[in-house]
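I opened a new notebook page for this chain. The entries below follow the order in which I looked things up.

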Amino acid sequence: MEERYLTGYCRQLDASRLVEVAVEQGEVTEVDCCYESCKFHGNCTIAKAIDEMKQS
């Protein structure tokens with residue numbers, strides 16, 4: 001398992017955030033935020049980076 005860290009502004013928390021992303025065999029398996037259910041997902045720079053990780 002590889003751990004990756006992303007930083008950015010979180011509108012949910014209204015603050016900067018460090019998010020841990022667990023990757024196993026090239027697949028994102030865990031995310032240390034409410035990535036899937038966040039109401040700001042469409043405008044989130046962190047979610048955008050996670051989406052890019054999932055596509056590659």
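I settled one term before anything else: buried means under 20% relative accessible area, exposed means over 50%, and partly exposed lies in between (1.4 Å probe, protein chains only). I also noted that helices (H or I, at least four residues) and strands (E, at least two) are DSSP runs, numbered from the N terminus.

**Ground rules.** This is a predicted model, where local features need pLDDT of at least 70, side-chain atom pairs count only at pLDDT 80 or more, and totals for chains, interfaces and linings use all residues. Residues are numbered from 1 along each chain as its sequence is written, and side-chain values use heavy atoms, with hydrogens and water left out.

**Entry: the parts.** I listed one helix and three strands in the chain. Read from the N terminus, the elements run β-β-β-α.

**Entry: overall size.** I checked the radius of gyration, taken over C-alpha atoms; the globule rule is 2.2 Å times the number of residues to the power 0.38. A compact globule of 56 residues would have a value near 10 Å, and the chain has 11 Å, which agrees. Along the principal axes, the C-alpha atoms fill a box of roughly 30 × 20 × 15 Å. I then looked at burial: 29% of the 56 residues count as buried. For surface, I used the Shrake-Rupley method with a 1.4 Å probe, where for residues only the protein chains shown count as cover. The accessible surface of the chain comes to about 4,100 Å², and 44% of that belongs to carbon and sulfur atoms.

**Entry: the sheet.** In what order do the three strands of the open sheet stand? I read β1-β2-β3, with antiparallel pairing. Two strands pair if DSSP finds at least two bridges between them. β1 (2–10) and β3 (27–31) stand at the edges with a single partner strand each, so one side of each has no neighbour in the sheet. Neighbouring strands are turned by 35° against each other on average, direction ignored. For such angles, axes are lines fitted to C-alpha atoms, for helices over the stretch in contact, and angles run from 0 to 180 degrees between N-to-C directions.

**Entry: β1 with β2.** I found nine bridges joining β1 to β2, which run antiparallel. I followed two partners into β2: Glu2 has Val23 as its bridge partner, and Glu3 has Ala22. The hairpin of these strands has four residues between them. Asp14 sits in that loop. Its phi is near 55°, a positive value in a residue other than glycine. Is Asp14 buried or exposed? Asp14 counts as exposed, at 57% relative accessibility.

**Entry: β2 with β3.** I moved on to strand β2 (residues 15–24), which pairs with β3 in the antiparallel sense over four bridges. Val21 stands opposite Val31 in β3. Val23 has Val28 in β3 as its bridge partner. Here the hairpin has two residues between the strands. Gln25 lies in this loop. Gln25 is not a glycine, yet its phi is positive, about 50°. At 85% relative accessibility, Gln25 counts as exposed.

Entry: Contact means heavy atoms within 4.5 Å. I looked up which residues of α1 are buried: Ile46, Ala47, Ile50 and Met53. They cover an arc of only 115° around the axis, which puts them on the same side of α1. The arc is that of the directions from the helix axis to the C-beta atoms. The buried residues of α1 pack against β1, β2 and β3. On the other side of α1, I found Thr45, Lys48 and Gln55 exposed.

**Last entry: contact range.** I looked at contacts between residues at least 6 apart in sequence; 31% of them join residues at least 24 apart.
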